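Trainee: Hi! Could you walk me through this structure? I'm new to it.
Mentor: Happy to. Let's look together.

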Amino acid sequence: MSHIARRHLVAAGLLLFAASAAAQNWPTRPVRIVVPFAAGGPADNYARFLAQRLPELLGQSFVVENRPGAGAIIGTELVAKAPADGHTLLLMSNTHTVNETLVAGKPYELMRDFVGVAPINYSDLVLVAHPALPAQSLPQLRALAKQRPGKLNYASSGTGTPYHMAGELFKSLSGTYLVHIPYRGSSGARTDVLGGQVDLMFDAVTTMAEQVRAGKVRALATTGRQRSAVLPEVPTVHESGVPNYEATIWLGLMAPKGTPAAVVERLNEAVRKIAGQPEVQQAWARQGATAMLMAPAEFDRYLRDDIAKWARVIQTAHIKAE
């Protein structure tokens, strides 16, 4: 080996040692978890859940900071511009992977300006119908939609939200035409489905389960690959005749691009340790959530696949941002 080659090898070794030492010392001050959604929702709740438990493993406090607005863009941009030292993290969801195609001219690109740290969990949705709708199952709904083209509609909390995209994916894979009725939030959409002003809605299983059991809405199908533990008697869209359908709400952590790989790995291990605890998984199951345990590289592939999945739906349905 030449003298120059040895010098390069030593330099590389020193850099690796420095990065490893920095990861061992991280975090050196409180860590911000920026939630680009309003307080009180699933993203905020699970961010706070992690913020309570990560200090036990990493030795510093974790502080949740809500920065909602502009379809999650305001808070996300804040993290994109933060120092890449592991002290500012983004609590993100599949709203972000949808926005990659839906929202042109964003001040960031997800896979260019961030690195995936770890997924947290996913929750199924449930397709519900007002009891007055003469469809007892998903196959009956599809038949009814064929008989009444352009007459059946479904509510969502707004264009590009997981509830909307679940409906568009269903339309695309099943060949069923439903009219989308966007609302400014889930509560208005839910109220009008319960009141019969709108026929259908894809909504969170945990939110609608009580209404299903009370007979105020009829559950036609859930949206995961497996039946929901919250509504185990309700078949999935997949098993009801729409192969390969899956549409969930999932959450994860990302960090600014350039965050040291050793810091990302250490944080990933901590999140997986928390999410992998049986008592945590049992508590989440009661809430309709399932832990997602992935290494950083696997999460990176998952993010890229999800962006591509929703890009196809958006382009096929010619969906435009509001």
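Trainee: Let me start with a spot I picked: where does Asn-244 lie?
Mentor: Asn-244 is in the loop that runs between strand S8 (218-222) and strand S9 (248-256). Strands (E, at least two residues) and helices (H or I, at least four) are DSSP runs, numbered from the N terminus. Before we go on, this is a predicted model, where local features need pLDDT of at least 70, side-chain atom pairs count only at pLDDT 80 or more, and totals for chains, interfaces and linings use all residues. Residues are numbered from 1 along each chain as its sequence is written, and side-chain values use heavy atoms, with hydrogens and water left out.

Trainee: Thanks! Is Asn-244 buried or exposed?
Mentor: Asn-244 counts as exposed because its relative accessibility is 54%. The cut-offs are under 20% relative accessible area for buried, over 50% for exposed, and partly exposed in between (1.4 Å probe, protein chains only).

Trainee: And what about the phi of Asn-244?
Mentor: Asn-244 is not a glycine, yet its phi is positive, at about 70°. Most residues other than glycine have a negative phi. Ala-72 is another non-glycine with a positive phi, about 80°. Ala-72 sits in the loop between strand S2 (62-66) and helix H3 (73-80), and it is buried, because its relative accessible area is 3%.

Trainee: Where is the cis peptide bond?
Mentor: The bond from Trp-26 to Pro-27 is cis, with omega near -5°. Pro-27 belongs to the loop between helix H1 (3-25) and strand S1 (31-35). Most peptide bonds are trans.

Trainee: Let's zoom out. How many helices and strands are there?
Mentor: The protein has 12 helices and 10 strands. Its C-alpha trace spans about 80 × 40 × 35 Å along the principal axes.

Trainee: How does the radius of gyration fit a compact globule?
Mentor: It agrees: a compact globule of 322 residues would be near 20 Å, and the protein has 22 Å. That radius is taken over C-alpha atoms, and the globule rule is 2.2 Å times the number of residues to the power 0.38.

Trainee: What share of the residues is buried?
Mentor: Buried residues make up 50% of the 322.

Trainee: Which residues have the most contacts inside the largest nonpolar core?
Mentor: That core has 50 residues, and those with the most contacts inside it include Met-92, Phe-170, Phe-202 and Tyr-245. Helix H12 (residues 296-317) gives the largest share, 6 residues. Another core, of 33 residues, lies apart from it, with Val-31, Val-35, Leu-251 and Val-271 among them. A nonpolar core here is a set of buried Ala, Val, Leu, Ile, Met, Phe, Trp, Tyr and Cys residues joined through side-chain atoms within 4.5 Å.

Trainee: What does Tyr-245 touch?
Mentor: Leaving out residues up to four places away in sequence, the partners of Tyr-245 include Phe-170, Phe-202, Arg-225 and His-238. Contact means heavy atoms within 4.5 Å.

Trainee: What about the segment after H12?
Mentor: Ile-319 lies there, and it counts as buried because its relative accessibility is 11%. Among the residues Ile-319 touches are Leu-102, Thr-159 and Met-165. The C-alpha atoms of Ile-319 and Leu-102 are separated by 7.4 Å, although these residues are 217 apart along the chain.

Trainee: Last one: where is Ala-104?
Mentor: Ala-104 is in the loop between helix H4 (94-102) and helix H5 (110-113). With a relative accessible area of 73%, Ala-104 is exposed.
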